[in-house]
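Here's a quick briefing on this one.

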Amino acid sequence: MRIAVTSQNFRTITGHAGMTRRFLIYEAGPDGEPVERDRVDLPRDQSLHATLGQGTDHHPLFQSGVNALVTQSAGHKLRQRLDAMGIRVHLTGETDPVAAARALFAGRPLPEPAPHDHGG
């Protein structure tokens, strides 16, 4: 499993996945612990919101082979589009990227996200 975590500051899990341009990429190490494999830092015109529906096979985030996305918030349409691509979106109130990746690798549920009206 390869996990992308939305993180505008490369330290904490942030929300608004469609507008996020920075992602931490994790894989499970031999001991099952998360290992950061990459950091994706995209220009504004490469956000998911700006590019989904425009041939996402070449989007840098998907070229990294992720099959899960962890974020604090994401709109319904974005979640549907990612699901259709085989990428499971996990919404959470967790702020620590390593703790979230560790939980997913271990098959544990993530803390629920705070209520948020994303409007779409």
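Strands here are DSSP runs of E with at least two residues, and helices are runs of H or I with at least four, both numbered from the N terminus. Keep in mind that this is a predicted model. The protein chain has four helices and five strands, and from the N terminus on they go β-β-β-α-α-β-α-β-α. With a radius of gyration of 13 Å, close to the 14 Å the globule rule gives for 120 residues, the chain is as compact as a globular protein of that length.

**Overall build**
- Along the principal axes, the C-alpha atoms fill a box of roughly 40 × 30 × 25 Å.
- Some 42% of the 120 residues count as buried.
- The chain exposes about 6500 Å², and carbon and sulfur atoms supply 46% of that.
- Of the contacts with a separation of 6 or more, 46% are between residues 24 or more positions apart.

**The E4/E5 pair**
- Strand E4 (residues 68-71) lines up parallel to strand E5 (residues 88-91), over four bridges.
- In this pairing, Thr 71 sits opposite Leu 91 in E5.

**Thr 14**
- You'll find Thr 14 in the loop between strand E1 (2-6) and strand E2 (22-28).
- Its relative accessible area is 16%, under the 20% cut-off, so Thr 14 counts as buried.
- The Thr 14 side chain reaches the backbone nitrogen of Gln 8 at 3.2 Å.
- Leaving aside neighbours within four places in sequence, Thr 14 is in contact with Thr 6, Ser 7, Gln 8, Thr 20, Thr 71 and Gln 72.

Note on methods:
Residues are numbered from 1 along each chain as its sequence is written. This is a predicted model: local features need pLDDT of at least 70, side-chain atom pairs count only at pLDDT 80 or more; totals for chains, interfaces and linings use all residues. Side-chain values use heavy atoms; hydrogens and water are left out. Two strands pair if DSSP finds at least two bridges between them. Buried means under 20% relative accessible area, exposed over 50%, partly exposed in between (1.4 Å probe, protein chains only). A polar contact is a pair of N or O atoms within 3.5 Å; within protein, one must be able to donate a hydrogen and the other to accept it, and residues adjacent in sequence count only if both atoms are side-chain atoms. Contact means heavy atoms within 4.5 Å. The radius of gyration is taken over C-alpha atoms; the globule rule is 2.2 Å times the number of residues to the power 0.38. Accessible areas come from the Shrake-Rupley method with a 1.4 Å probe; for residues, only the protein chains shown count as cover.
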